[in-house]
Every structure is written in structure tokens, then in C-alpha cells.
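Hello,

Here is the structure I promised to pass on to you. Have a look at it first, and then read my notes below.

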Amino acid sequence: MKKILPFNDDPIIKSYPHYSLMCSMLQTKEQGMNWIYQIYTQISAYSAVWNNNHNTDFRLGFYPFAGMGDGDLWNICPFIDKMTIPRQFLLQQKDHIAFIKYWLNKGWYLSMYLDEFFREDIQQVGVYYHPIFIYGYDDEEKIFYCADCFENWKYGTKKVTYDDFNIASKQNYN
């Protein structure tokens, strides 16, 4: 079986994944672009200190939502129903592939943290946890259709094999 949810792989915003992913979904809806134009009108930049070592990152926000945090735009978008599944529930799932396919078949996109060891540009020792967006699957190819800022931090799509997904999800949850 094959299931691919509506997804625009060339969104109008290609910076941080959470903005790109939202645009990739919304640009497939009739009124989605109008909402994007309303929300993403005035860009605001701010710095964020990540830890006590004073490591600073400069972030983009959008007025009047710049101080709300990255996830809050997902909460206010009228075209998106958001559900958060507790990690403990995921820990109980024996078959992550079947779990993901179940929700895709119901029409839900999924975003979850995985060890993205399968990325060609990550040449480090250890694991690299990052949120990945899943919008489809193909049982014949045994792959998930995913989006994120992959190779060289450029937003794009990638086919992740079921085998790689199993390794990535088990490393994350054990």
C-alpha cells in the first residue's frame, strides 16, 4: 500500500523546519496561502541564549507572535488540528512502522524526534536527535516520505527506509 498526504515540497518559507513544514501543508489548502500571508507579514529577529555557557542563536519570529515560541503557530492555525502523543504511549508501541502508518492512513501528519543517523551530511560520532516530519509511506519500496532540513541544513524531502526508521526510533526511545 502507498499513502502520501497532500504536501508541497517547495514551500514559500524554507528557513527553520517548523515554518517550512507548516507552509508545506498549508500551501495545499485553498485558503492556506491567505493565512500564511496574514501571519508571516512582519518578521522579527531575536537572540536566544541556549545554556549557561551563553551560547547564542539568532532566531526569526513573526510579529505579533515573535515571543510566543515556535510551536504556538501550530496551535493557532485554523487549518491544523494538533495532537500531542505522550512519549510513554510511544514507548509501549512494539511496531513503530505500523503505528506511523496507522496515523498516516487516518490523514494525520506526524512530527517526532529521531536519531537522524541516516543523513549523509552528519559525520559525527554518536546520535543526532532532530524533529522529522512524516507525510507518507510506500510499502512496496519500504520507505517513509519525510521532510526536514537534511543535507547541509537545506530544507527538503527524503525517503527514509523502514529499516533506518526502526533503528532511529529505537535509539531515541531506549
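**Cores and rings**

The largest nonpolar core has 23 residues, and those with the most contacts inside it are Met22, Leu26, Tyr40, Trp74, Ile80, Phe133 and Ala147. A nonpolar core here is a set of buried Ala, Val, Leu, Ile, Met, Phe, Trp, Tyr and Cys residues joined through side-chain atoms within 4.5 Å; buried means under 20% relative accessible area, exposed over 50%, and partly exposed in between (1.4 Å probe, protein chains only).

Please keep in mind that this is a predicted model: local features need pLDDT of at least 70, side-chain atom pairs count only at pLDDT 80 or more, and totals for chains, interfaces and linings use all residues. Residues are numbered from 1 along each chain as its sequence is written, and side-chain values use heavy atoms, with hydrogens and water left out.

Now to the rings. Across the whole structure, a search finds eight aromatic pairs (rings of Phe, Tyr and Trp, the last by its six-membered ring, with centres within 6.5 Å; planes under 30 degrees apart are stacked, over 60 edge-to-face, the rest tilted). Tyrosine 102 and tryptophan 103 have ring centres 5.1 Å apart and planes at 90 degrees, so this pair is edge-to-face. Tyrosine 102 is partly exposed, at 42% relative accessible area, whereas tryptophan 103 is buried, at 18%. Phe7, Tyr109, Phe133, Tyr135 and Tyr145 form one aromatic cluster.

Enjoy exploring!
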